[in-house]
Structures are given as C-alpha cells and as structure tokens.
Amino acid sequence: GYGGGGAEEVYSSDYSGAVYTKNFIMPDRESANADKSKLSYENSLNMETLYVGRNYLLGGNLFKGCTALTFAKVCSDTSSEMFWNCKALTTCVISEDVQNIATWTFDACSALQTVIVLGNRVAELSNVNSFGGSGIKQSGGTGKIYVPFALLNDYKSATNWSSFASNILAIEDNLGVIGDYL
C-alpha cells in the first residue's frame, strides 16, 4: 500500500483543499490531459503523504517546499523541481507508468533516502541533477534507489543512472527494508 491509511481523496476539480490536507490523492485519469497542470501546491505545510495518479502532465515546482511531506507515490512523469526543497521527504515510489524523471525533481530534498522505481523498463533520468542536494546525491549520498532485479545492471549502466550505480539495489533483495512501500 501507499503509506497513510485513511487518505482523503481530493478530486481533480477541487484541489484547493490540498494546502490543508495531510494525505493528498490526485486520482488516476483515464487519459492524459493535453494541458500541463497549472495548479500549484507549493509550500503546502500540512501535506504529509501524496499520491499522484496516472495520466497527469505536471507543471514545474508543483510540490516545491512542502515541508511536512514525507512520502510520495508518483504514477505520472515528474516535472522540473517537482519536489524541490521538500526537506522532510524520505521516500518516493515511482510507478511503472513513469517514463521520465525530470531535471531537479528531488533537488534539495535533504532527507530523501529511499526511491523505489517499479516497472519492466528503465525510466529515463533526465539529468544527474534530478537528485541534487538529496540523500541520493552523486558524491557522498547514503540514500538508495531500488529497482527490479531484472533491470539492476541496466539501471547501473544507463545514461545518468550510472552516476548512482553504487546506490542502486534490487527490490527483491531488500523487501525487508522497503516491503511496506510496495
């Protein structure tokens, strides 16, 4: 499950309450919206858990500075600086639907220690700066990126991912550590 029992669903026509919602859900859509989301939840102080459903075209800085956010599951391609400066964010699950992790997505997420990337193909990592200033930074980062065992070597050698090769581990070998997030 996605960390947070009792999550309140806030539907796409009414996101105004996100600023005050602890467990925020952007439900799956049947198809992608042609326009990027112009909504912003920047600096939402109460949001602790987040689920971004499938088929969203997300604008930049969407959850920038959400200081209470600790867990996110993302099922749509990320946007530039999507979680920038979310200093409490420790864990993010990237679903099999995500094809691209944008530049600066997790920049300045200093508490980020766990990223779980699901799926049967390597997701594109736009730039090594996607994890800049996070616990999974290129040099000295102690955070871990968990990927399917079948793709472990592909991730370790893929463009931009290879910079984090020593931080990339197989999901199947670490279920005791990350099992609650799957």
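Colleague: Is Asp28 buried, partly exposed or exposed?

Modeller: Start with the classes. Buried means under 20% relative accessible area, exposed means over 50%, and partly exposed lies in between (1.4 Å probe, protein chains only). Asp28 has 40% relative accessibility, so it counts as partly exposed.

Colleague: What sort of model do these values come from?

Modeller: This is a predicted model: local features need pLDDT of at least 70, side-chain atom pairs count only at pLDDT 80 or more, and totals for chains, interfaces and linings use all residues. Residues are numbered from 1 along each chain as its sequence is written, and side-chain values use heavy atoms, with hydrogens and water left out.

Colleague: Which side chain meets Asp28 in a salt bridge?

Modeller: First the criterion. A salt bridge is a side-chain nitrogen of Lys or Arg within 4 Å of a carboxyl oxygen of Asp or Glu. Asp28 pairs with Arg54, at 3.0 Å from N to O. The two are 26 residues apart: Asp28 sits in the loop between β2 and β3, Arg54 in the loop between β3 and β4 (71-74). Strands here are DSSP runs (E, at least two residues), as are helices (H or I, at least four), numbered from the N terminus.

Colleague: Where does Asp97 lie, relative to the strands?

Modeller: Asp97 is in the loop between β5 (91-94) and β6 (100-101). Its side chain meets Arg54 in a salt bridge, 2.7 Å from N to O. Because Arg54 lies in the loop between β3 and β4, this pair ties together parts 43 residues apart in sequence. Asp97 is partly exposed at 30%. Arg54 is partly exposed too, at 26%.

Colleague: Which residues join into one network?

Modeller: Asp28, Arg54, Glu96 and Asp97, through salt bridges that share partners.

Colleague: How many salt bridges does the whole structure hold?

Modeller: Four. One of them pairs Glu48 with Lys22, at 3.3 Å from N to O. Glu48 lies in the loop between β2 (23-26) and β3 (49-52), and Lys22 in the loop between β1 (8-9) and β2, so the pair ties together parts 26 residues apart in sequence. Glu48 is partly exposed at 31%. Lys22 is partly exposed at 47%.

Colleague: Where is confidence lowest, and where is it highest?

Modeller: The lowest mean is 35, in β1; the highest is 98, in helix α1 (residues 152-157). The chain mean is 85, and 84% of residues reach 70 or more. Over residues 1-14, pLDDT stays under 50. The model has 33 contacts for that stretch beyond four places in sequence; a contact means heavy atoms within 4.5 Å.

How values were computed. pLDDT is the predictor's confidence in each residue, from 0 to 100.
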